[in-house]
Every structure is written in C-alpha cells, then in structure tokens.
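Morning, everyone. Let me put today's model on the screen, and then we'll go through a few contacts.

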Amino acid sequence: MAVTVKGADMQQRSAVVDLGSNSVRLVVFEGVSRNPMPIFNEKAVLRLGRGLTATGRLNEEGVGMAVEVLSRFHAIAKAMQADPFEILATAAVRDAANGPAFVAMLRDTMPGVSVRILSGEEEADHSAIGVMCGIPGAEGVVADVGGGSLELIHLNAQGRHDVTTLPLGMIRLSDRAEGDLVKARQLADEDIGGVKWLQHLQGSTLYLVGGAFRALARLDIARKQYPLNIVHYYTLEAKDANDLTSWLLTAPRRTLERLPGAPRKRLDDVPFAATVLRRLIRKVQPDRVVFCVDGLREGWYMLNVAPDRLAQDPMESVAREMCDRLGRSSTLPAVLHDWTDCLNPAENSRDRYLRRIACYLSDIGSHDHPEYRAEQTYWRVLRVQGAGFDHQARAWLSLALAVRYSAELSAPFLGTSRLLLNEAQWRSAVAVGLALRLAYSLSGGAGILLDGTSLAWQGPELVLTLTSARVAVKGEGVRRGLERLGQALDVPTRFAVDLPGR
C-alpha cells in the first residue's frame, strides 16, 4: 500500500526499467516533484550485448535471464502500485538482429506492459533531460556511456542540440577491441575524432553520465580520501581528470580492489572507460569535468511523470519541502531572508541564493534532540538527497545551519566543510548561521516578533534596532548573539531602541 506523504500527488508512484547492454535496472520513484525520489533501486547484470559485435545477436544466456528478471521487476512495480511503468531498451536491443523478437517475447510474457526500444536520438534526449534535472543550467558536452553505446550531446540553456551515438559502450568497445586497450584507444580516437561538432565546443564543460564513468569517480574519491562520498557534482579540473585516467590505466587491479568502496563489478570496465574519457578530454579540452548521476531514468521521469516541474529550482524545491515537513513555519523563511539582507553589502548572487536556501532550512532541526540538534542538522543538509546541490553548496549550507544551532566551530563533525570551503566561504556561512541564530533568539521562530526588529549598518557599526514594545527586551542571549555576529564579521555592534512615542 502506498505510504501517504504530505500532498495528494506524493502518493503517486512510477517506475522505469533501463534495459541496457550490460545491466538492467528497476527504479521506483515516489511522488511528483522537481527532484525524482527513488524509493526502490535494483540492478541485475545480464550482459545482453556480450558478443553482439561478432554475432549481431543478443547474448542467449542474457536473454534467458532477462525474462525472469523483468518478470520479477514487473511484479515488484505492480505490488508497489507504480503507474506509469515502462521498460526502455537501449543500444543492444536496438542494434541486435533478434532485438524485435526479444521485445515481442517480453510483451507476450507481460501483457499490457510498455516495452519501448529507444532510438539513439531518443536515448540522448532522455539523458540530456536527466542532466538538466540533476545539474540545472548545465552547458557543454554530455557524454553518457552504457554497455553498448556512448551518446555525445551538446547541451546549453536552450536545450539539447547536436547528438551523436557511437559504438563505444563498455561491452561493445571491449568486443570490438578484442580486449586490447591499445586497439580500444585507436577505435575511440577514430570514433570520437569523427564527431565534427565537438571541435566547436573546445573549452566547455564535460559532463559524464553512466555507470562506468561513475565507477571512475568512486575510485578517485577513495584514492584521494575526498571528504564527501557523493558522486553527483564531483568535479575535476581537466588536468586532474587526465591524471585520473593515467592512474587508472596503469594501476594494478589489486590496488583498485583494495580501495574502500571500490565498485568491484565495474573493475573490468574501468580501463575502457578511462580510455574513452582520455580521448574525450583530448578532443574537447574541457575547462572541467563534472560527474552526474542523473541520466536516462531521471529524464524519463521528468518527461513522463513531472514534465511541468523541470523549470523549477531543484535546491529551493528540496528546501521548501524540508521546511514544510520538518520546520514550524512556512512563512518565516521569507521574513528571515529580508531581515538578513543587510548582512553582507558585497554579497554576490550565489551567496544571496545560498542565504535564501539557508533561511528555508533554518528550522529543520526543531524536533531533534537538543543535544544533537546541530550535528543532526549538519549531516542532514550535507547528505541531503536532492538534485542541484553541488558539493560546495552542501558544505556551506550544512555549516551555516549547524552554526544556527550553536555548533562550536572546532567541532570535529564540521571537518567536511572545513576541507571543501575556502576561508571566505567559511566566514560567510558562519556569519549567516550566527545571524539566523540571533533572529531565532529574538523571535522564537515567530515572524511577527521579528517584524519588531531590524538589522542595519550605521557607518561602521552593525546595529540591531528594537522598534516594537513587544520585543523591547535586551536579553542576555540576544546580547551575546549580536556580539558573536559582530566578532564573526570583525565589526562593532550596538543595540538601539526606536519605540513609538520615544
């Protein structure tokens, strides 16, 4: 039975099966929102595309397994009341001589279930929308690698433009090269070199999608002991990405296996994925490489379940949902944003945006145990499930909210933010956190009380003015809060009282 969450459309579930050349995956999504929320995710390795280059047909062992696995996936989706439910077949089924017969067999086995063979262009469209879902404003080259093909997509603010499908999926490339990495490099050079439109995008950002590319990111995160084990938005400068490919092409397999969290089932693909990435970097000469976990399945969701939500801001959507679910007021965040507006006269557009998100998240620890409120809020924000949060945004917001709940800046749990933020970003987050703490001390979370105060600069001083008799009480907690904010900003502070009739 579907679990009821706030809002009628949050009861809806949908499911998609991504039937690829290497693996098949079922994802069940909860609700209709800007950020796809997977509540069930299971993968089986079928290797349908193994041997396709030589035989032109789907792997017979994989075909036999597929019927059993897909029937089980269908039963799960049906039991979870997922509607719509669709199976999307990609490169291997699309290119195999027995692909249509295989699909017909699936339709006979599961009457009424939509089984669709995506064209290369449709697959690219789904992947492009998935990237736009996960990384709003993405512009550059999307490279989505699967088992059978590599989709290259030109993406900018107007949407998807050029698209090319190449036979450089991990299974297909390994088969074509007969397992020889030197030959694989030559094939990748020839195929990628033939994509003429790429030469016009040199210097742009390269977005990497697909399980084999995600495996490269996981290995790099483990190798560097990077402080945030989240692949989405993991970003490398082009030189660092090139160095990563060099390491992966020379490191003994045993070295990779020993890394914590190593994707063991993907290690056979790693040298071929590194080879393709190296050739892409050489061709595109990107300014940076960004890993994206959202692709075909999330694109399907945005097209078929929530087509009217893509234009919404994903971070703000998550923050508003968390505010409604965990906070005490849905109207206070706007008041807090106005009240803290003066804090940094030199605030740029990104900092202003993050401050607005922080205001929405500022009360999400209200129901946690007071002894653990700061730490619990920190981890909740740092590791939030949701599209659009790059790693610096996570580190900044989690620090600001921990400080809002009185975290000591020396607390060990703040270490991830310390490593991911520069000094200016750290100071900015601390200042916003202290301002929010002061606002809650003044108002107790009631916006009507905050309306009786104002925070403003008077010359070099930051002045807290009390303008209503309801709040004209300069309590010790409020006084200390103002002093701490002044210390963080390295400015003098002062109280002022401006009551009617005085």
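Start with a definition: a charge sits over a ring if NZ of Lys or CZ of Arg is within 6 Å of the ring centre and within 35 degrees of the ring normal. Keep in mind that this is a predicted model.

Now look at Arg404. This residue lies over the face of Tyr405, 4.0 Å from the ring centre. There is a second ring to look at. The charged end of Arg404 also sits over Tyr440, at 3.8 Å from the centre of that ring.

Helix α17 covers residues 391-404, and helix α19 covers residues 423-443. How do they pack? The angle is about 35°, and the axes are 7 Å apart. The crossing of α17 past α19 is right-handed. On the α17 side, the contact uses Gln392, Trp396, Leu399, Ala400, Val403 and Arg404. On the α19 side, the residues include Trp426, Val430, Leu434, Arg437 and Tyr440. By type, the contact of α17 with α19 has 11 nonpolar residues, 4 polar and 2 charged.

Stay on α17 for Trp396. Is Trp396 buried or exposed? Its relative accessible area is 2%, so Trp396 is buried; the cut-off is under 20%. What does Trp396 touch, leaving aside neighbours within four places in sequence? Leu354, Arg355, Ala358 and Leu421 are in contact with Trp396, and so are Gln425, Ser428, Ala429 and Val432. For a sense of distance, take Met322: Trp396 and Met322 are 74 residues apart in sequence, and their C-alpha atoms are 17 Å apart.

Next, aromatics. How many aromatic pairs does the structure hold? The number is 5. One of them is Tyr226 with Tyr234, an edge-to-face pair with 5.0 Å centre to centre and 75° between the planes. Over 60 degrees counts as edge-to-face, so 75° qualifies. Tyr234 is buried, at 2% relative accessible area. Tyr226 has 21% relative accessibility, so it counts as partly exposed.

Last stop, a loop. Tyr372 lies between α15 (349-361) and α16 (373-382). With a relative accessible area of 54%, Tyr372 is exposed, because the cut-off is over 50%. Tyr372 and Ala407 are 35 residues apart along the chain, with 9.6 Å between their C-alpha atoms.

That's the tour. Over to you for questions.

Key. Residues are numbered from 1 along each chain as its sequence is written. This is a predicted model: local features need pLDDT of at least 70, side-chain atom pairs count only at pLDDT 80 or more; totals for chains, interfaces and linings use all residues. Side-chain values use heavy atoms; hydrogens and water are left out. Axes are lines fitted to C-alpha atoms, for helices over the stretch in contact, and angles run from 0 to 180 degrees between N-to-C directions. Helices (H or I, at least four residues) and strands (E, at least two) are DSSP runs, numbered from the N terminus. A crossing is left-handed if the near helix is turned anticlockwise from the far one by less than a right angle, and right-handed if clockwise. Contact means heavy atoms within 4.5 Å. Ala, Val, Leu, Ile, Met, Phe, Trp, Tyr, Cys and Pro count as nonpolar, Asp, Glu, Lys and Arg as charged, and the others, Gly among them, as polar. Rings of Phe, Tyr and Trp (its six-membered ring) pair if their centres lie within 6.5 Å; planes under 30 degrees apart count as stacked, over 60 as edge-to-face and the rest as tilted. Buried means under 20% relative accessible area, exposed over 50%, partly exposed in between (1.4 Å probe, protein chains only).
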